[in-house]
Amino acid sequence: MYTRAPATLSDKPADASAIQAVVPRHVAIIMDGNGRWAKKRGMMRLMGHRQGAKAVTRTVEAAARMGVKTLTLFAFSSENWKRPADEVAGLMDLFAKVLQSERDNLHRNQIKVRFVGDLQRFSTKLVTAIDEMEELTRDNRAMQLNIAINYGGRWDICQAARALALQVQAGEITPEDISEERLQEQLAVVEDVDLLIRTGGEQRISNFLLYQCAYSEFYVTDKLWPDFDGAALQEACAYFAQRERRFGMTSEQVQALATQSK
């Protein structure tokens, strides 16, 4: 279910005891509201994206401190090419600058970085910078950061199905061998999402991680992305810690399993 957070979140971190017991392993975020943040201040939309890049830094650092194992950020969807050409060009330039400015900090903090999506449409210069970032951080173990660019959930499922079809064609597997698990192994992001956060108040998934969010808890906040910080992330994780995740079982079954595991 979707849960809308209060319009104004406290600047103070949530009680650590509320999230200490249950930290979501995989958090995904739809980073929405950069343009509205800039418009409210009479600025160009690109200024909102620049402030959004600072929010990314804060959020990555906070997630790693909290013990999140995988963080996936929706940076640029396959539908975002429809935006004004000057905004898209500004975003591409911003991506390149952030890759340069943040790479050493991410590596120093042992963050493994992966870029997920169809990278064929990007410039050779940007793809080279992406490859260098992934190579530099590939052995880091503190947290995995997936940055989704030119990504769409439907594209992800389609390319995974195509990969399995090629395996069948090559005689490596039979159609009967295809399972949910095999399909998931071919996705750009393999891990199921535990907590999906959307900033900016909109209540839709926007073609993001459609397969991986089958059993995610959804958390929506009216806070615009440039205003998002570690305290806001803790608020979301505190909500997650209070949820009972049943995966098709009854509440009584879940409680019985929890008692048996103690």
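Trainee: Is Phe76 buried or exposed?

Mentor: Phe76 is buried, because its relative accessible area is 0%. Buried means under 20% relative accessible area and exposed over 50%, with partly exposed in between (1.4 Å probe, protein chains only). Please note that this is a predicted model: local features need pLDDT of at least 70, side-chain atom pairs count only at pLDDT 80 or more, and totals for chains, interfaces and linings use all residues. Residues are numbered from 1 along each chain as its sequence is written, and side-chain values use heavy atoms, with hydrogens and water left out.

Trainee: How many aromatic pairs are there in the whole structure?

Mentor: A search finds nine aromatic pairs. Rings of Phe, Tyr and Trp (its six-membered ring) pair if their centres lie within 6.5 Å; planes under 30 degrees apart count as stacked, over 60 as edge-to-face and the rest as tilted. Phe76 and Trp81 form an edge-to-face pair, 5.0 Å centre to centre with 80° between the planes.

Trainee: What sits over the ring of Trp81?

Mentor: The charged end of Arg121 does, 4.2 Å from the ring centre. The criterion is that NZ of Lys or CZ of Arg is within 6 Å of the ring centre and within 35 degrees of the ring normal.

Trainee: Now the helix H5. Which of its residues are buried?

Mentor: They are Leu126, Ile130, Met133 and Thr137. These residues cover an arc of only 65° around the axis, which puts them on the same side of H5. The arc is that of the directions from the helix axis to the C-beta atoms. Helices (H or I, at least four residues) and strands (E, at least two) are DSSP runs, numbered from the N terminus.

Trainee: And what covers those buried residues?

Mentor: The cover includes helix H4 (85–108), strand E4 (111–116) and strand E5 (143–151). The face of H5 turned away from the buried side carries the exposed residues Thr124 and Lys125.

Trainee: Where does Asn140 lie?

Mentor: Asn140 lies in the loop between H5 and E5. Asn140 counts as buried because its relative accessibility is 5%.

Trainee: With which side chain does the side chain of Asn140 make a polar contact?

Mentor: With that of His107, at 3.1 Å. A polar contact is a pair of N or O atoms within 3.5 Å; within protein, one must be able to donate a hydrogen and the other to accept it, and residues adjacent in sequence count only if both atoms are side-chain atoms. The backbone oxygen of Ile111 also lies 3.1 Å from a polar atom of the Asn140 side chain.

Key. Contact = heavy atoms within 4.5 Å.
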